[in-house]
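Open the model in your viewer and keep the selection panel handy.

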Amino acid sequence: MRKAISEKEVMEVLNSIKSQVNAHDGFLELGEIKENKVVIHCGGECVSCDNKCIEEVLKDKIPDIEVIFR
């Protein structure tokens, strides 16, 4: 079983897509992390999006992650 997901590894992934999110007039903030569950707060244009692109990038880099968007 995988160890709990760290804030550092999630932030590395979010920072890697920051320019794409900003280009769409959106922003992301990391919320709570509990074991493999991560809460991501979306703002700007990301609010009306289904956020599949963000979830796919996170799951590609951190396969065991469960993403909850707020």
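Start inside, by selecting Val 10, Leu 28, Ile 40, Leu 58 and Ile 65: of the 16 residues in the largest nonpolar core, these touch the most other members. A nonpolar core here is a set of buried Ala, Val, Leu, Ile, Met, Phe, Trp, Tyr and Cys residues joined through side-chain atoms within 4.5 Å. Buried means under 20% relative accessible area, exposed over 50%, and partly exposed in between, with a 1.4 Å probe and protein chains only. Two or more residues of this core come from each of α1, β2 and α3; helices (H or I, at least four residues) and strands (E, at least two) are DSSP runs numbered from the N terminus.

A word on the ground rules: this is a predicted model, where local features need pLDDT of at least 70 and side-chain atom pairs count only at pLDDT 80 or more, while totals for chains, interfaces and linings use all residues. Residues are numbered from 1 along each chain as its sequence is written, and side-chain values use heavy atoms, leaving out hydrogens and water.

Now centre on Leu 28. Which residues does Leu 28 touch, not counting those up to four places away in sequence? Its contacts (heavy atoms within 4.5 Å) are Leu 14, Ile 17, Val 21, Ile 40, His 41, Cys 42, Cys 46 and Ile 54.

Next, show the sheet as a cartoon. Three strands form an open sheet in the order β1-β2-β3, with mixed pairing; two strands pair if DSSP finds at least two bridges between them. The edges are β1 (26-34) and β3 (66-69), each with a single partner strand, so one side of each has no neighbour in the sheet. From one strand to the next, the twist averages 30°. Select β2 (residues 37-44) together with β3: these strands run parallel and are joined by four bridges. Opposite Lys 37 you will find Glu 66 in β3.

Helix α1 (residues 7-16) lies across β1 and β2 and runs at about 165° to β1. For these angles, axes are lines fitted to C-alpha atoms, for helices over the stretch in contact, and values run from 0 to 180 degrees between N-to-C directions.

Stay on α1 and pick out its buried residues, Glu 9, Val 10, Val 13 and Leu 14. Look down the helix axis: these buried residues fall within an arc of 135°, so they line one face of α1 (the arc is that of the directions from the helix axis to the C-beta atoms). They pack against α2 (18-23), β1, β2 and α3. On the other side of α1, Glu 7 and Lys 8 are exposed.

Finish with the charges. How many salt bridges does a search of the whole structure find? There are three, each a side-chain nitrogen of Lys or Arg within 4 Å of a carboxyl oxygen of Asp or Glu. In α1, Lys 8 and Glu 12 lie four residues apart, about one turn of the helix, and their side chains meet at 4.0 Å, N to O.

Then select Lys 52, Glu 55 and Lys 59, which are linked in a network of salt bridges. Lys 52 meets Glu 55 at 3.7 Å, N to O, and Glu 55 pairs with Lys 59 at 3.6 Å between the closest N and O atoms. Glu 55 is buried, at 16% relative accessible area, whereas Lys 52 is partly exposed at 45% and Lys 59 is partly exposed at 38%.
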